[in-house]
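Visitor: Hi, I have a structure open here and would like to go through it with someone. Could we start with how some of the helices sit together?

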Amino acid sequence: MRRSRRLLTTVVLGVSLLGLAACGSDDDPAVTPGPDGGEAPAPGFDAGTTMAELQAAGRMTVGVKFDQPGFGLKNPTTGAVEGFDVEIAKLLAAGIYGGTAAEAAGKVQFVETISANREPFLESGQVDLVVATYTINDTRKGRVGFAGPYFVARQDIMVKASDATINGVADLNGKKVCTVRGSTSEKNIRAQAPQADVSLFDLYSQCAEALGDGRVVAVSTDDTILAGLVQARAAQGGDPFKLVGAPFSQEPYGVGLAKGDDAFRTFLNDLLEEIFANGEWVAAFERTLGQIGLETPGTPTVDRYTDTAAAPTTTTTAATASSVP
């Protein structure tokens with residue numbers, strides 16, 4: 001089912017908006033303040049659905065990354081987590097609780113989620129959703145469900161700006177390259193540069209540190225993540241980094257949820273298509289990834305796959321392209 005249009009709740013007094021965005025209100029999760037200060041009903045859901053349960057609880061928990069500029073980065077001054085993934089999560093919350101994304105933000109608890117623990121967090125119920133640069137692929141579909149994709153990135157390589165020896169994935173053979181354990185990036189590197197000396201860390205920010213101090217000569221993951229690290233390096237000073245600009249895979253980012261919850265997945269897919277169409281997706285991109293110099297792309301196409309007939313979703317650009325787990 002689809003959420004009610006936000007015409008009921010789009011205009012709120014500035015002071016009220018700031019207060020809701022900062023802390024929210026759990027007194028009555030089934031209602032949202034209306035434009036005249038009264039109460040406007042939140043969307044209605046069938047009893048027993050995840051949407052109804054989350055709405056009744058007045059709170060949802062979303063796993064995001066805390067160290068990726070542009071997608072999910074914890075602000076050291078305010079403590080708030082900021083980025084495109086965070087904005088997508090707020091828009092999804094608005095579809096459950098009603099009102100605007102800023103209003104619904106107070107009902108979202110963001111939990112740091114790294115690449116290696118995304119499936120365990122969903123399987124254990126520690127989080128309700130994962131929105132964390134989470135590539136959809138068939139191996140992961142065996143453990144969790146996915147809505148989306150809400151974004152499609154491409155895997156690329158980051159090196160020091162002075163390095164002219166690495167111009168593509170084949171050049172990683174025989175060299176020390178860093179990526180994150182448990183990621184599709186690791187598998188893509190091992191498949192396309194089997195002689196690369198791969199160093200694995202939990203965080204891409206740790207890979208950037210290793211590149212900066214010379215422990216590795218390259219970092220490889222999605223181009224959008226690397227673009228944020230390049231900008232962060234420029235702000236910090238030191239030898240600048242650059243992207244090689246030779247992508248070698250496509251990485252469709254999905255919203256992770258518990259496997260088998262088809263009603264919730266359908267709702268999330270409907271909601272994503274709505275924010276693609278109404279301009280909210282573009283606005284979220286421009287105030288996050290757009291601020292690090294990325295050009296606004298077209299919206300992706302939602303993949304309404306079934307668990308029994310999952311199509312390959314991560315492909316390489318090599319001549320022998322195939323699904324990458």
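Visitor: At what angle do helix H2 and helix H10 pack, and how far apart are their axes?

Guide: Bearing in mind that this is a predicted model, helix H2 (residues 50–57) and helix H10 (residues 262–277) pack at an angle of about 80°, and their axes are 8 Å apart. Angles of 65 to 115 degrees count as roughly perpendicular, so that is how H2 and H10 are described relative to each other.

Visitor: Which residues make the contact?

Guide: From H2 the contact is made by Thr50, Met51 and Leu54, while H10 contributes Ala263, Phe264 and Phe267. Sorted by class, five residues in this contact are nonpolar and one is polar, with no charged residues.

Visitor: Switching topic, is threonine 133 buried or exposed?

Guide: Threonine 133 has a relative accessible area of 5%, and buried means under 20%, so threonine 133 is buried. Its place is in the loop between strand S8 (129–130) and helix H6 (138–141).

Visitor: And what is it in contact with, beyond its neighbours within four places in sequence?

Guide: Threonine 133 is then in contact with Lys65, Gln68, Phe71, Asp85, Arg118, Tyr150, Ile225 and Tyr253. Tyrosine 253 is 120 residues away along the chain, yet the C-alpha atoms of threonine 133 and tyrosine 253 are separated by 5.6 Å.

Visitor: How much space lies in the largest pocket?

Guide: The largest pocket holds about 440 Å³ of space. It is lined by 22 residues, of which Asp67, Pro69, Leu73, Gly228 and Ala232 are the closest to its centre.

Visitor: Which helix gives the largest share of that lining?

Guide: That is H9, with seven residues; by class, the lining has nine nonpolar, seven polar and six charged residues.

How values were computed: Residues are numbered from 1 along each chain as its sequence is written. This is a predicted model: local features need pLDDT of at least 70, side-chain atom pairs count only at pLDDT 80 or more; totals for chains, interfaces and linings use all residues. Side-chain values use heavy atoms; hydrogens and water are left out. Helices (H or I, at least four residues) and strands (E, at least two) are DSSP runs, numbered from the N terminus. Buried means under 20% relative accessible area, exposed over 50%, partly exposed in between (1.4 Å probe, protein chains only). Contact means heavy atoms within 4.5 Å. Axes are lines fitted to C-alpha atoms, for helices over the stretch in contact, and angles run from 0 to 180 degrees between N-to-C directions. Angles under 35 degrees count as roughly parallel, over 145 as roughly antiparallel, 65 to 115 as roughly perpendicular and the rest as oblique. Ala, Val, Leu, Ile, Met, Phe, Trp, Tyr, Cys and Pro count as nonpolar, Asp, Glu, Lys and Arg as charged, and the others, Gly among them, as polar. On a 1 Å grid over the protein atoms alone, a cavity is a set of points where a 1.4 Å probe fits but cannot get out, and a pocket is an open set with protein on both sides within 12 Å along at least five of seven lines; lining residues have an atom within 4 Å of a point. Grid points are joined across faces, edges and corners, and a volume is the space filled by probe spheres set on the points.
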